[in-house]
Amino acid sequence: MSSQRLAIARVFDLLERAHGVGGRGNERPGWMEQRLLALLEGIAKQRAEDPLRVAEGLQGEPKLLAEIADTLRVGETRFFRDPAQWQALRTLVFPTLRVERVRALSVGCSTGEEAYTLGMLLDEEHATFDDGFRVVGMDRSEAALSVARSAVYPTSSVSDLPAALQAKYDRGS
């Protein structure tokens, strides 16, 4: 195994154990390996070391390892991303729910746009759920969750949000 491949394998092993990032072998998208190699080479150049030595020392640098993990996350999120998914919830799932209270989980919610989209859709259906609903978003990135908690978003993330919903849920920030 080349020293580059060995460095990548070692860092992904650390990332998987510490941050749940990277998957295993064939489960990992190629872009992740390319991005990780570029990161390792950049750090190695700054430190005048080779990437394998950087990889071997990352276990003792939890902050840098966390930064690398954040860099490798997809993090693509916006309101009403993947419209077909939301339409399916509206037309196929919500009408079949026969419950008074709904609890929903948005896993890998990044900065929260999809979790808030789900909340808006459930709010639109609220009359169906006598006891209300609750949406919980989860992500491994504390920085992303901090943005989600603030619920302040750039214009680019609301580009797919219908105007009526944007007006209804805009907090005026």
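I looked up Trp-86 and found it buried, at 4% relative accessible area. Buried here means under 20%, exposed over 50%, partly exposed in between, with a 1.4 Å probe and protein chains only. Phe-80 is buried too, at 7%.

The model is predicted: local features need pLDDT of at least 70, side-chain atom pairs count only at pLDDT 80 or more, and totals for chains, interfaces and linings use all residues. Residues are numbered from 1 along each chain as its sequence is written, and side-chain values use heavy atoms, without hydrogens and water.

Next I searched the whole structure for aromatic pairs and got three. I counted rings of Phe, Tyr and Trp (its six-membered ring) with centres within 6.5 Å; planes under 30 degrees apart are stacked, over 60 edge-to-face, the rest tilted. Phe-80 and Trp-86 are edge-to-face, because their centres lie 6.2 Å apart and their planes stand at 65°.

Tyr-116 and Tyr-153 are also edge-to-face, at 6.1 Å and 70°. I placed Tyr-116 in helix H6 (residues 113–124) and Tyr-153 in the loop between helix H7 (142–150) and helix H8 (163–169), 37 residues apart. Tyr-116 is partly exposed at 35%; Tyr-153 is buried at 18%. Ring pairs join Phe-79 to these two tyrosines in a cluster.

Then I took the whole chain. I noted eight helices and two strands, as DSSP runs numbered from the N terminus (helices H or I, at least four residues; strands E, at least two). Of the 173 residues, 35% count as buried. The C-alpha atoms fill a box of roughly 60 × 35 × 25 Å along the principal axes.
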